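Here is a short briefing to read alongside the structure on your screen.

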Amino acid sequence: MEERKTAELAGPLELFPPVDFCCVYGSALLPNNNDKTSMVDYILGVADPIQWHSENLERNRHHYSKWMVRLGPRAIIRVADGIGAGVHFNPFVEWRYKKIKYGVVQMHNLAMDVLTWDRFYLSGRLQKPVHVLIDNWDVQKVNLINLKMAISASLLLLPPEFTEEDLYAKICSLSYMGDMRMLFAEDKNKVKKIVEGSFNLFQSMYKPLIQEHVSDGLLSTSPHGKQAAFKQDFGLSATNSLFSSLPWIVQIRISGKHESESGIMTPQIAVSSREVAAKCVRKALRSLVMVSSARQAVSGVLAAGGVNAARYLGKKISKAWKSRTC
């Protein structure tokens, strides 16, 4: 069954030049998704996006908006990196009986976002279950750092006692904090549907990492029906342990320190209370998500062209409206 699903999801890759990383994400992976008309979403990681887009334009010119075809691959990258969050999306691509949307990102940018949350865009997507089809750069191993940071951020935002489902819901919600689309263009029950539909997948991703926190004494666990219930250490030492494991771009909200030349730093910063740490995390993530989602929205309109952008936004708003009126 799993092999058949993987083969089906990998089918559209025959359209493209070779890639170094590919994963499928979004509602198409949810067992409780009954909308068979929804697009299947792909992220394609490539070492040289200019070369890749040059080859893809020769193969699949019709995937791009007319003005992007005229401007060429360098302009495609300038729009994605200079205006957007580093990803160029082509939506409404037909493959057999399905429609797909694929986003193309440079591997270096993908790795930096996963490790540093510098844009907190694809790193947020990879904190939720995805189906990886190609991984030549061991992104899944690198992503373990991203998952650990997501747990730390979520624990700082959760109360002393919570359930396993509460934890996954908080992790899932991190990448939607500050996203303007959640106000009018996304299903209001999106986080709940993702967690309920992918609970077993969240467990397989996070349970070994949660156990590390249990072993370190930061969490204690007890049975709670089919899931676990947790109590966390709310002491200042535990708070600082969690906070110091977050990327510098979050810690800098308190520290006032500047980025190192490498773009990565792990300063040891002490926070004065749990409330200060939670406020810092909330403020940092809202700011990151707001900027990245807004930039990507503008980039998407420019990249897809007016007709496709309006069509995509219309589908989003329709789905959001249904979730608010049912």
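The notes below cover the sheet, its strand pairs, and the packing of helices.

This is a predicted model, so please read every value below as computed from it. In it, five strands form an open sheet with mixed pairing, in the order 3-4-2-1-5. Elsewhere, helix 7 (residues 139–157) packs against helix 8 (residues 164–173).

**The sheet as a whole**

- Strand 3 and strand 5 (131–135) stand at the edges with a single partner strand each, so one side of each has no neighbour in the sheet.
- From one strand to the next, the twist averages 20°.
- As a reminder, strands of a sheet pair through backbone hydrogen bonds, in either a parallel or an antiparallel way.

**Strand pairs, one by one**

- Strand 3 (residues 87–95) and strand 4 run antiparallel and are joined by seven bridges. In this pair, H88 stands opposite V104 of strand 4.
- The hairpin of strand 3 and strand 4 has two residues between the strands, and R96 takes a positive phi near 55° in this hairpin.
- Strand 4 (residues 98–106) also runs parallel to strand 2 (residues 40–46), again with seven bridges between the two. Here V46 is the residue opposite Q106 of strand 4.
- Strand 2 pairs with strand 1 (residues 21–25) in the antiparallel sense, over five bridges. Look for C22, which faces L44 of strand 2 across this pair.

**A helix on the sheet**

- Helix 1 (residues 2–10) packs on the sheet and touches strand 1, strand 2, strand 3, strand 4 and strand 5.
- The direction of helix 1 makes about 65° with that of strand 5.

**Helix 7 and helix 8**

- How far apart are the axes of helix 7 and helix 8, and at what angle do the helices pack? The axes are 9 Å apart, and the packing angle is about 110°.
- Angles of 65 to 115 degrees count as roughly perpendicular, and helix 7 and helix 8 are therefore roughly perpendicular to each other.
- The crossing of helix 7 past helix 8 is right-handed.
- On the helix 7 side, the contact is made by A150, I151, S154, L155 and L157. Their counterparts in helix 8 are L167, K170 and I171.
- Sorted by class, this contact between helix 7 and helix 8 holds six nonpolar residues, one polar residue and one charged residue.

Methods: Residues numbered from 1 in each chain as written. Predicted model: local features only at pLDDT ≥ 70, side-chain atom pairs only at ≥ 80, totals over all residues. Heavy atoms only, no water. Pairing = 2+ DSSP bridges. Helix = DSSP H or I, 4+ residues; strand = E, 2+ residues; numbered from the N terminus. Axes fitted to C-alpha atoms, helices over the stretch in contact; angles between N-to-C directions. Contact = heavy atoms within 4.5 Å. Parallel < 35°, antiparallel > 145°, perpendicular 65-115°, else oblique. Left-handed = near helix turned anticlockwise from the far one by under 90°. Nonpolar A, V, L, I, M, F, W, Y, C, P; charged D, E, K, R; others polar.
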